[in-house]
Structures are given as structure tokens and as C-alpha cells.
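The sequence and structure come first, followed by the notes.

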Amino acid sequence: MPDFSRLFPATLAAAAAATAAAFAALPAHADELADLINAYRTAPGECAGQSAAPVAALAVEPALAGVRIATGTFLESALQSAGYPAEHAQAITVTGPPDARAAMDAIGKQYCRQLRAPDVAAIGTARVGNAWQVVLARPIVIPPLPDWPDAGQSILALVNAARAEPRTCGTQAFGPARPLSWNPLLAQAALLHSSDMAQKHYFNHKQPDGTLPADRASAAGYRWMRVGENIASGQRTPEEAVASWLDSPGHCANIMNPAFTEMGAAYAIHPQNRNRTAYWTQVFGTPR
């Protein structure tokens, strides 16, 4: 799960709260403070009175410098507004130091462990007067997906591997089932639905115009006796998509249903989606 936190020196908490609103209109970024923090990470000397080993320098990230944290702001929301998808992040705010070196001295004494955290990879700093803000983060790394037909074939292979073994879906027990065959018409129906969900930003088997899985299969030219559909959203790979379906009793039952003989699958991502959220669709069929 993503982790987001804000840290304030106890003696400066009230002052930080009073000046937080000023960060809604931050001017220049305090790059010197980021450089000083990186210098400390690579040669920390001590932390909390103990000898500290060096850790890797952080990438100076303009998007993190542009994060705006005001009173009552959730760090996660501020990161999203700045266009920075993060797996983990922390924000440190201090008020009072007149320059970057003084800010580093104040932050380093109280937050050396956070500054040396090995689970962050990027930093952004900002300043308004004598109020300083540091955001440390680890970005979400989204692996590149193959083209949708290749992803669909990967899903087919994973589904057939699952069907080859007995499985219990919720309370329903299934024996091994014959492998499914790839059907390009069902794949087109899957692509249509994934693209529609991605473009219109919804998640449902029923499209806004009322179209259902069987309607989409028929529109693609598939003459069916039986049709089923699994959908998923947010999974980063075909493996994650299939694993999520197998963990869900209803989706798992579709995968293991011996009455289905063919399958098509696809994903789509809206090009303007900052987080590259993938919408996955798997369509099962039995032809007439």
C-alpha cells in the first residue's frame, strides 16, 4: 500500500501550520537544500549519535518541488495534483531557518533517519521566506506493457495453466478443464470494452449506453451459445490481472467453467491517464 506522511518539528509545529498556506503559491525551488541533503546522504557521518553508512543520492525532481501542502492537505492528494504518482512519500516542514544551510542543520538534527531512508529515490524542496518544505518520495514504477494482442495471449496461457489444475473458487470446486482457444472476435469485443472504460473512466460490465457482454460479442460477429466476461482495473501486468481474477470467486468460476471453449482478452490505457491505469477485459465464449 502507498505510504504518505508529514513530519513537523515539535517546537515548530504551530509556526509550520501558520505558514503552510503560503506554500499554495510557492515561488522558486530551494535547490541548494536538496544538494545539501544529498551530500549528507552520501557522507552522513552520524545519525542520532551513531555512526551512519552512506546511502544513494536522491534524484532532484521538479514535480516534488512543485507539491503544494497547505493546512489540511493530504500529501497523497498534493502529489496527485503535482502529477507525481508515488509509492511512498514523506514531507518535512520547518519554519525559521534563514538559509539552506541553517534549514539543513535544523532538519538533519531531528530527521536524520528520514533523510537517510533507503526506500526513497527522489527529493523536491521549496521555500517561502523562512518556511522550508522537503518532500521525499519513491515513485511508482509501472513496467511497460506489451501490445494488447500479446498481453491477451499471455492471459490465455495463464488461464489455461489455471484450468489444467483442480481449483476451488470460493465454495465452488472445479476439476481440471480443457484449455481454451484464442478467438479474435472475442478479443475485439474485449478490446472494445477496455477502450470504452478507459476513455469514459468507468468500471462496469454494462456500458453507459446499456450494452452488455453478449451484445459486444454479437457486434464483433461472434455467433455464441454462451458468453462470459471478466474485467479488472489497475493491474500492471497480465500476471497481476489473472491473479486478481483467480482470487475472486465469480471471476475464478468463469476461468474454470468447463462449458467455455474459447477466449479473447485485451487491455486499454487512456493516453492522458497520469498513472497509466490499465483496464482489462477477458471474454469467454462457446460458439453455436
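## Cys47 and Cys112

Which handedness does the link of Cys47 and Cys112 have? The link is right-handed, with 80° about the S-S bond. The sulfur atoms of Cys47 and Cys112 are 2.1 Å apart, and a disulfide here is a pair of cysteine sulfur atoms within 2.5 Å.

The pair links distant parts of the chain, 65 residues apart: Cys47 is in strand S2 (residues 45-47) and Cys112 in helix H5 (residues 100-115). Helices (H or I, at least four residues) and strands (E, at least two) are DSSP runs, numbered from the N terminus. Cys47 is buried at 9% relative accessibility, and Cys112 is buried at 5%. Buried means under 20% relative accessible area, exposed over 50%, and partly exposed in between (1.4 Å probe, protein chains only).

## Cys169 and Cys252

Cys169 belongs to strand S8 (residues 167-169) and Cys252 to helix H10 (residues 249-256), so the bond ties together parts 83 residues apart in sequence. Cys169 is buried, with a relative accessible area of 4%, and Cys252 is buried with 0%.

## Pattern and basis

The search of the whole structure finds two disulfides. Counting bonded cysteines along the chain, the pattern is 1-2, 3-4.

The model is predicted: local features need pLDDT of at least 70, side-chain atom pairs count only at pLDDT 80 or more, and totals for chains, interfaces and linings use all residues. Residues are numbered from 1 along each chain as its sequence is written, and side-chain values use heavy atoms, with hydrogens and water left out.
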